[in-house]
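Biologist: Hi! Could you walk me through this one? I'm still new to reading structures.

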Amino acid sequence: MTGLDKRMSLDEVVGRLSDGMTLGIGGWATRRKPMELVRAILRSPLKDLTVVSYGGPDVGLLAAAGKLRKLIFAFVSLDHYPLEPHFRAARQGGLPVLELDEGLLHWGLRAAAMRLPFLPTRVGIGTDLIRQDAFRTIVSPFEDREELVAMPALKLDAALLHVHRADARGNVLTLSADPFFDELMVRAADQVYVSTERLTSTAELDVARHSRYNLIERTAITGVVETPFGAHPTSAAPDYQLDLGHLKTYVDSASSPEAWTTYRSRFIDVSPESYLAAVGGAEKLAQLPVPVY
Amino acid sequence: MSELYYSLAEIMITAAAETWRDDGEVLATGIGPLPRLAASLAKSTFNPALQLTDGEVWFTTEPVPPGPRTGATIEIEGLANYDRVFATVWGGKRHAMVAPVQIDRFGQTNISVIGSHSRPKTAMLGVRGYPGNSVSHPNSFFFPAHNTRAFVANEVDYVCSAGYNPERYLARRPPARLDLRLIVTDLAVLDFGGPDHAIRVRSLHPGVSFEQVQDNTGFSLLRPEHLPVTPAPTAEQLAIIGRLDPNQVRKTVLKGDPPGDRRGAG
C-alpha cells in the first residue's frame with residue numbers, strides 16, 4: 001500500500017475550485033450526474049463558472065443559483081421533461097453560451113485531451129453554430145483542399161464526475177452500460193474530482209474482472225469523495241435509478257421564486273444526510289423503478 | 001373502397017416507415033413515438049436488416065414498444081452507448097427521422113431557440129446532434145402539425161441542421177453526405193425532389209388538398225403533375241402496428257386521435 005490518499009470531503013473539493021473556473025461535469029442529462037458535488041457548489045460562494053456539460057439538472061441548479069457566467073452545451077434536458085425549466089429561464093434571461101453539437105462537444109474535449117488547439121470536422125457546416133465567434137475554418141492541406149470546421153479545444157480547469165466505486169488512491173469503476181464522455185472530461189481537465197457511491201479497498205474493486213468499467217487511470221484523478229446516492233435525483237444504474245418523483249418536485253421549483261426558495265431550503269442548504277432523509281431515505285431510493293427512455 | 005378504419009397517426013406511421021425501405025443494414029432512429037413506430041414497422045416488414053435501439057443504451061433484436069414495458073423480456077443484441085452512436089453517425093450507417101420545431105424551404109431545421117440566439121424568446125433543447133446528423137447520414141423529418149409556424153417563410157430562427165442552402169456551404173461546396181429524404185406531416189408526404197432539391201409534395205393524405213398543404217406552408221411548394229393520395233395502411237400493417245404498440249401510445253400523440261381518411265369530413 002502506498003501512502004497515496006486522495007479522500008476528501010465535499011467542502012475540500014469545493015475549496016479547491018475558484019471563481020471564474022471552467023468546469024466539466026460528467027454524466028448525461030438525467031444519468032450519473034455528480035449532483036452532491038453540484039449541491040455543495042450551490043452552498044459555497046463560488047461564482048462566475050463556465051460549465052461544459054451534456055446538461056441535465058446539474059446545469060439547471062447552477063443556473064438557478066446564479067453560478068454561471070457561461071454555458072458550453074449541446075442540450076440541457078431532463079429527458080422525461082424535455083425542457084429544463086431553470087436552464088430555459090437563464091437562457092431566456094441572456095446567459096452567454098457556446099452552443100455545440102453533441103459530437104462537437106466530444107471533439108472539443110478530445111482536442112483538449114490530446115493537447116491540440118483544435119480538431120477538424122464537417123460537423124457544423126451549413127448551420128448557425130459555426131457563425132459563433134469561437135469557430136474558425138481550415139482548409140485541408142491534402143489534395144482534396146476541402147474547407148473544414150476547426151473545433152477549438154475545450155480545456156477544463158476541473159472536471160467533476162460521479163462513479164460507482166473508488167479506492168482511496170483514485171482507482172475508479174463506472175459500472176453503468178454507458179460511460180458517456182467522462183473519460184474525455186478527465187483527460188481535458190487539469191484537476192479531477194470524483195464522487196463515488198462507495199469507497200472500497202483496491203482488492204474489492206476487482207479490476208481484473210471489471211476491466212471494462214475502469215475508464216481512467218488514477219494518475220488523472222485528484223480527489224475522491226464518498227457520496228452514497230450522490231447522483232440523486234439522476235440515476236447511477238445499476239446501483240439505483242432515476243427518481244421521477246423528485247424530478248417533478250425539481251421541475252416545480254422553477255414555477256416561482258418562492259418555489260425555488262422552498263426547494264433550496266429543503267434540498268440544497270442541508271447536509272447530505274438530511275438530503276437523503278428529505279428525498280425518502282436510502283431504502284426508497286434503492287427501490288426506484290427502471291425508467292423508460 | 002375498403003371499409004378498413006385507420007387513424008391519422010397510423011397512416012403517418014405507414015408513410016414514415018417508407019423512408020427506411022431501401023436503406024439496407026443501418027441504424028434506424030425515429031425520435032418520438034410515431035417515427036419510432038414507423039422504424040419498428042419498417043424493420044418488422046420490408047427491411048428486417050434495420051438495427052434499432054431501446055432509446056437508451058441497447059440494440060435490441062426486436063422493436064421495443066413505446067411506453068411501459070411489460071411481458072416478454074427484451075432480447076439485447078448489442079451495446080448502443082453514445083460514443084458508439086456518434087461513431088455510427090460519422091460513419092454514415094444511420095438514417096434518422098427527427099421531429100424539429102421549424103423547417104424552411106432549404107430543409108434547414110431548428111430545435112434550439114425561437115427568437116434571437118443571444119436572448120431567445122423561447123429556449124428549447126439546444127441543437128443536440130442535428131448538425132452532425134445532417135452532414136453525415138440520411139435524414140427525414142416528422143411534423144405532427146403542419147402549419148406556417150413550423151414551415152416558416154424565411155430561414156428557421158436558428159439553423160441547427162444543414163439544408164440545401166448554398167449560401168451556407170463552405171467554399172460553395174455542398175456537404176458530401178447531405179441527404180434529406182422525406183417529410184411526413186399530418187397533411188402530406190413531401191420530399192426534396194424538385195430542382196435544386198426544392199421541396200415538393202409527394203402525396204396527399206386522404207381528403208387533403210394541395211391548396212390546404214400550401215396554405216399551411218410559409219414557402220412555395222412544388223406540385224408534381226401526378227399527385228397521388230398517400231396509400232392507406234393495409235390490414236396486415238395495422239395488425240403489426242397494434243403488436244408494436246400494445247400501450248396504444250399512438251392514440252395519444254395527435255389531439256383527438258382523428259381518422260386518417262378525411263374525405264367527406266367537410
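Modeller: Happy to! Let's start with helix α3(A), where A:P57, A:D58, A:V59, A:G60, A:L61, A:L62, A:A63 and A:A64 are buried. Keep in mind that this is a predicted model.

Biologist: How many of the residues of α3(A) is that, and what does it say about the helix?

Modeller: The helix covers residues 57-64 of chain A, and 8 of the 8 are buried, so α3(A) is largely enclosed by the rest of the structure.

Biologist: What comes just after α3(A)?

Modeller: Just past the helix sits A:G66, with a positive phi of about 70°.

Biologist: Okay, new topic. Where is A:L78 found?

Modeller: A:L78 is in the loop between β3 and α4 of chain A.

Biologist: Buried or exposed?

Modeller: A:L78 has 25 C-beta neighbours inside 10 Å, and the cut-off for buried is 20 or more, so A:L78 counts as buried.

Biologist: Which residues does A:L78 touch?

Modeller: Leaving aside residues up to four places away in sequence, A:L78 touches A:A29, A:T30, A:G56, A:P57, A:E84, A:L247 and A:V251. One of these, A:P57, belongs to the buried helix α3(A). There is also A:R31, which is 47 residues from A:L78 in sequence but 9.4 Å from it in space, C-alpha to C-alpha.

Biologist: How many residues of chain A and chain B are in contact?

Modeller: Chain A has 33 residues in contact with 39 residues of chain B. On the side of chain A that touches chain B, the elements giving two or more residues are β3 (68-76), α4 (85-92) and α5 (102-113) of chain A.

Biologist: Which of them gives the most?

Modeller: That would be β3(A), with 4 residues.

Biologist: And what classes do the residues on chain A's side divide into?

Modeller: The side of chain A that touches chain B has 15 nonpolar, 9 polar and 9 charged residues.

Biologist: Let's move to chain B. In what order do the 6 strands of the open sheet come?

Modeller: The order is β1-β5-β10-β11-β12-β13 (chain B), and the pairing is mixed. The edges are β1 (27-30) and β13 (200-204) of chain B, each with a single partner strand, so one side of each has no neighbour in the sheet. From one strand to the next, the twist averages 15°.

Biologist: How do β11 and β12 of chain B run?

Modeller: They run antiparallel, with 3 bridges joining β11 (residues 180-185) to β12 (residues 188-191) of chain B. In that pair, B:V184 stands opposite B:V189 in β12(B).

Biologist: Which strands of the sheet does α2(B) touch?

Modeller: α2(B) packs on the sheet and touches β1, β5 (94-98) and β10 (139-143) of chain B. The direction of α2(B) makes about 150° with that of β1(B).

Biologist: Which helix does α2(B) pack against at about 55°?

Modeller: That is α1 (residues 8-17) of chain B, with the axes 8 Å apart. Oblique is therefore the word for how α1(B) and α2(B) lie to each other, and their crossing is right-handed. The contact uses B:A9, B:M12, B:I13, B:T14, B:A16 and B:A17 of α1(B), together with B:L34, B:P35, B:L37, B:A38, B:L41 and B:A42 of α2(B). By class, this contact has 11 nonpolar residues, 1 polar and no charged.

Biologist: And what about α2(B) with α6(B)?

Modeller: α2 (33-44) and α6 (235-244) of chain B pack at about 120°, with their axes 10 Å apart. The two helices are therefore oblique to each other, and the crossing is right-handed. Here α2(B) brings in B:L37, B:S40, B:L41 and B:S44, while α6(B) brings in B:Q237, B:I240, B:I241 and B:L244. That contact has 5 nonpolar, 3 polar and no charged residues.

Biologist: Last one: what do β8 and β9 of chain B form?

Modeller: They form a hairpin, with 4 residues between the strands. β8 (residues 113-115) and β9 (residues 120-123) of chain B run antiparallel and are joined by 3 bridges.

Technical notes. Residues numbered from 1 in each chain as written. Chains lettered and ligands numbered in written order. Predicted model: local features only at pLDDT ≥ 70, side-chain atom pairs only at ≥ 80, totals over all residues. Contact = placed C-beta atoms within 7 Å. Nonpolar A, V, L, I, M, F, W, Y, C, P; charged D, E, K, R; others polar. Axes fitted to C-alpha atoms, helices over the stretch in contact; angles between N-to-C directions. Parallel < 35°, antiparallel > 145°, perpendicular 65-115°, else oblique. Left-handed = near helix turned anticlockwise from the far one by under 90°. Buried ≥ 20, exposed ≤ 12 C-beta atoms within 10 Å, placed from the backbone. Pairing = 2+ DSSP bridges.
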